[in-house]
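Let's take a walk through a protein together. Have a look at the picture first, and then we will go through it step by step.

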Amino acid sequence: MKCPICGREKSPSLPFIEGICVDCYLKKNPIKPIKLKLKRCKSCGAIFLKGRWEPPATEKLETVEMKEAERELKKIFRAYGFEVVVTSHEGEFKAQLIGEEGMFSFPVTIVTEEERSLCPSCLAKRSGSYEAKIQVRSDGRVDRKTFKEVMDTISSMPYELREAVVSIEELKEGFDINIREKSSAKIIASALADKLGGEAKFTYKLVSERGGEKRTRLSISMRLPSEKSGDLVELNGEPALVLKKSGDIAKILLLSRRKEIKLSKIEKDSLRPFTGSVREVTVEAVLPDRVIVLTEDFSTEEVNNSGVFGKPASGEKYILVEHKTGKFLLSKELVL
Ligand SMILES: [Zn+2]
Ligand SMILES: [Zn+2]
């Protein structure tokens, strides 16, 4: 097959569109420069595109430009069975058409118009305004470790949530996190409650009333539990172990039912001190249905598999928990 315009032969490096070679097709139907309009925050560099603010670091302008060009070109060339990939090299953009019969690449021009503005979060930071406040408090002291865990949890959140944090104030009794909108504050609070096992209480305070319009501020008070990971407690008379590894969701493990419950789902006052006994033992024998352990006074105890947590091997040190509801054997990592 020959191109009726230029006479060149159809080949994998010269596919055809509508009976002519792609080169001649592009001369007949030149691709207009691809226009891109966006807002850029003059303070943090975030880009507003298609209805949302994109973080400055993860979404570089060039990537946005290439994606936009791809989208526009696909509208034209997909109908002819071509996929489009746009790449850039030293500021020049190149589109590559990839079809079953061949590939062809040509330069494209992308014109980006930037409007300088302030993103909502920089705007709020500048004015210091916020709609919600999370007050993190603890029965014990809110220590550096808790503070770090809160910061880590927030920084692992999606950009929109992280950026909604206007300021964090450290206080003697804990700290306050000021957040731009109520909706973000609720999401952040529930994530923190899950991670740290806190209980969040919501109250709305009227801040001003102007022209009949009420403005409220949401205040979320979060009490962190004083229980530490590895603590034994009781929930409604059942023995339970507190699991609060850094980064994980804080839970308690009900020993007799082998069931985990999020600490944030438990009413704070329903946790009671543990009433049984705890001691270190040595695993003597692991049987198919039970484990036999040797106590410090050289007597033996048996624990059914249903009460064993961990993978005991003979000779290992384990923690024997005795309670009126049963006997349990816990690996030391769970308790320490
Ligand atoms: Zn041609
Ligand atoms: Zn900004």
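A residue is called buried when its relative accessible area is under 20%, exposed when that area is over 50%, and partly exposed in between. Keep in mind that this is a predicted model. Now try Met103: its relative accessibility is 41%, so Met103 counts as partly exposed. You can find Met103 in strand 8, which covers residues 102-108. Together with Val85 and Ile98, Met103 makes a nonpolar surface patch of about 220 Å².

Next, let's go inside. In soluble globular proteins, nonpolar side chains tend to be buried together. Here the largest nonpolar core has 25 residues, and Leu73, Phe77, Val86 and Phe106 touch the most other members. Helix 1, helix 2 and strand 8 are among the elements that each supply at least two residues of this core. A second, separate core has 23 residues, including Val142 and Leu224.

What about charged side chains? Side chains of opposite charge can pair when their charged atoms come close. Asp23 and Arg8 form a salt bridge, with their closest N and O atoms 2.8 Å apart. Asp23 lies in helix 1 and Arg8 in the segment before strand 1, so this pair ties together parts that are 15 residues apart in sequence.

Another salt bridge joins Glu114 to Arg40, the closest N and O atoms being 2.9 Å apart. Because Glu114 belongs to strand 9 and Arg40 to strand 3, the pair ties together parts that are 74 residues apart in sequence. Arg40 counts as buried at 18% relative accessibility, whereas Glu114 is partly exposed at 36%.

Note on methods: Residues numbered from 1 in each chain as written. Chains lettered and ligands numbered in written order. Predicted model: local features only at pLDDT ≥ 70, side-chain atom pairs only at ≥ 80, totals over all residues. Heavy atoms only, no water. Patch = residues over 30% accessible without salt bridge, like charges linked within 9 Å, V, L, I, M, F, W, Y side chains within 5 Å. Areas by Shrake-Rupley, 256 points an atom, 1.4 Å probe, with all protein chains shown as cover. Salt bridge = Lys/Arg side-chain N within 4 Å of Asp/Glu carboxyl O. Helix = DSSP H or I, 4+ residues; strand = E, 2+ residues; numbered from the N terminus. Buried < 20%, exposed > 50% of the residue type's maximum accessible area, 1.4 Å probe, protein only. Core = buried A, V, L, I, M, F, W, Y, C linked by side-chain atoms within 4.5 Å.
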